[in-house]
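Look at the structure first, then read on.

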Amino acid sequence: MGENIALTPKMYDLLFVLVENHDRIVDKELLLRTVWPDSFVEEGNITFNIRQLRVALGDDAQAPQFIETIPRRGYRFIAKVDTVDADVENASGPADAVERETRTSPAWYASRPILVIAGFLIVIAVMGSVVWYSRSGPARGTPILSAPFAAEKLSTDGRVFHAVISPDGKTMVYVHRVSVNQSLWLRQLDTSNNVQIIPPSESFYGGLAMSPDGRSVYFTRGSTPRRGQQLDVYRVPIVGGVPQKVISETQGWISVSPDASKLSFVRCNRNSDDYCSLWIADAADGKNERKLVSRQRPFRISDNKISPDGRKIAFAVGQSRTASNDFSFKEVDVQTGEERDLTAERFFNINYVAWLPDQSGWLITARKLPDKSYRIWHVSAATGETSILTADSETYNRLRLDAKGDLLVATKIDADFNLN
C-alpha cells in the first residue's frame, strides 16, 4: 500500500479490460479488439504484456492472486473488485488531447469508473493536451524551425481525440469524447470560444483534415471502434450542417490537396497481395479513385500528406510485428506513381506526417526503438537527415501545421499510471 507502480499504457489497458470483466474469462480476440483496435499485432503481444503486468503486480502465474490464465482461451481477473464512481467533467470545450498510443487505446476508457481492486486503488492521471506551438521570427522560410518556440496548452481534461488546425491558424477542429460518445467541435484560438459542429453520438472518428479555405472539415467515421474496421470519409462545413459522405471504406488517414481538388486516403483490404494501399480521388464527391501505392501482407500504410504543390504524397509504411525498426518514410509522385525514400532512417512506427510549407522537409511523430516515446522529428528534404525536436519523455501523436508554418497543433500524452 502506498507504493507507486509504473505501468505502460498497454499494460494499463489490459488490466482495465480484465478488471472490467472480472470473474469472467476474457478471450484473446476481445483483448486484441479493445487494446489494439487499429493495429496489426499478434497474440504474443498479449502474452508479453500480461507477463509484464504480473511482474508489476507481484503476481505468480502458478499461484495467481490477480490474473489467472485459462489455457487456450484467455485470462480472468480473480481478485475482489468494487466500483467507485468517477467525477464526470464538463464537456463544453476541448479537453486534454489524449490517446494512450497511436490510435491504439480504446477511446471510451477515459471516462469509465475508477475501479478498486482488492484494496488497491488504480488511478490513471493523464495530463495529455493539445499543444499549440508558436515560434516568433521572420515570416520567410519555415518560421517554426527558425526561432525559439513557445507552447500553449489548449486543453486540460483528457478527452480530445483528434485535432487539426486551419490553414490561416485562427481555428482548430477537434474530436471530443465522453464515455462512448464522440462529437466534433470548433475552437477559435484567439477567443478560446468553442462551438459544436456535430453533436455527440456513438460513432467513432478516425481522422480529420481541413479544406484549404478553412471553411470545411473532412473526417472519417465508423459505427464502433473495432479492430480492422474500415471508415467512411465525410465533409461538413465548420459552421455545422448535414455531413456529406464522400468516400467509403478507408482507414482514417486522409489529406486534402492545396487546391481542394483531390483527397488522399488509405484503404486496407487485408488480402495477401494487397494488404494496404494509398489512393487518391476527387475531393468533391470521391469519384475517379486511383490506387497509387500498394503493399503486401504484413506491411501497412498509415498517415499520408499531399505536398504543398500537390504533386507528391508523403506517407508512412511498414510493420511493427517483429518489434524492430521496420517503418519507412516515403513519397510517391501523384502522376507517375514513382516512389522514393525520404530518409534512410527507420522507425518502430510513424504516427503522423506534416509537410513544411516551403517543402524543405517534414515533421513526423515517430517512435524509434529502444525509445519508448513517440517524439516529433524533423526530416530534411535536402539530405534526408533526421533530428529529434522534442527531448522530453512524453509521447506526441497527431500533428498539423498551418499554411505558413507559424503554428503547430499536436496531441500530447503525459500519462501517470499508479497503484496506490
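Which residue in β16 is the bridge partner of Leu 231? The partner is Thr 250.

This is a predicted model, where local features need pLDDT of at least 70, side-chain atom pairs count only at pLDDT 80 or more, and totals for chains, interfaces and linings use all residues. Residues are numbered from 1 along each chain as its sequence is written, and side-chain values use heavy atoms, with hydrogens and water left out.

**The sheet**

Strands here are DSSP runs (E, at least two residues), numbered from the N terminus. Four of them form an open sheet in the order β13-β14-β15-β16, with antiparallel pairing. Two strands count as paired if DSSP finds at least two bridges between them. β13 (204-210) and β16 (244-250) stand at the edges with a single partner strand each, so one side of each has no neighbour in the sheet. From one strand to the next, the twist averages 25°. The angles, which run from 0 to 180 degrees, are taken between N-to-C directions of lines fitted to C-alpha atoms. Strand β15 (residues 231-237) is joined to β16 by four bridges.

**Lys 245**

Lys 245 lies in strand β16. Its relative accessibility is 44%, so Lys 245 counts as partly exposed (buried is under 20%, exposed over 50%, partly exposed in between, with a 1.4 Å probe and protein chains only). Leaving out residues up to four places away in sequence, Lys 245 touches Asp 232, Val 233 and Tyr 234; contact means heavy atoms within 4.5 Å. Its side chain also makes polar contacts, listed below. A polar contact is a pair of N or O atoms within 3.5 Å; within protein, one must be able to donate a hydrogen and the other to accept it, and residues adjacent in sequence count only if both atoms are side-chain atoms.

| Side chain | Partner side chain | Distance |
|---|---|---|
| Lys 245 | Asp 232 | 3.4 Å |
| Lys 245 | Ser 248 | 3.2 Å |

**The cores**

A nonpolar core is a set of buried Ala, Val, Leu, Ile, Met, Phe, Trp, Tyr and Cys residues joined through side-chain atoms within 4.5 Å. The largest has 27 residues, and Leu 278, Ile 301, Ile 313 and Leu 399 have the most contacts inside it. Elements giving two or more residues to this core include β19 (276-282) and β29 (395-401). A second, separate core has 24 residues, among them Val 17 and Phe 66.

**The disulfide**

There is one disulfide, meaning a pair of cysteine sulfur atoms within 2.5 Å. Cys 268 and Cys 276 form it, with sulfur atoms 1.9 Å apart. Both Cys 268 and Cys 276 are buried. Their link is right-handed, with 100° about the S-S bond.
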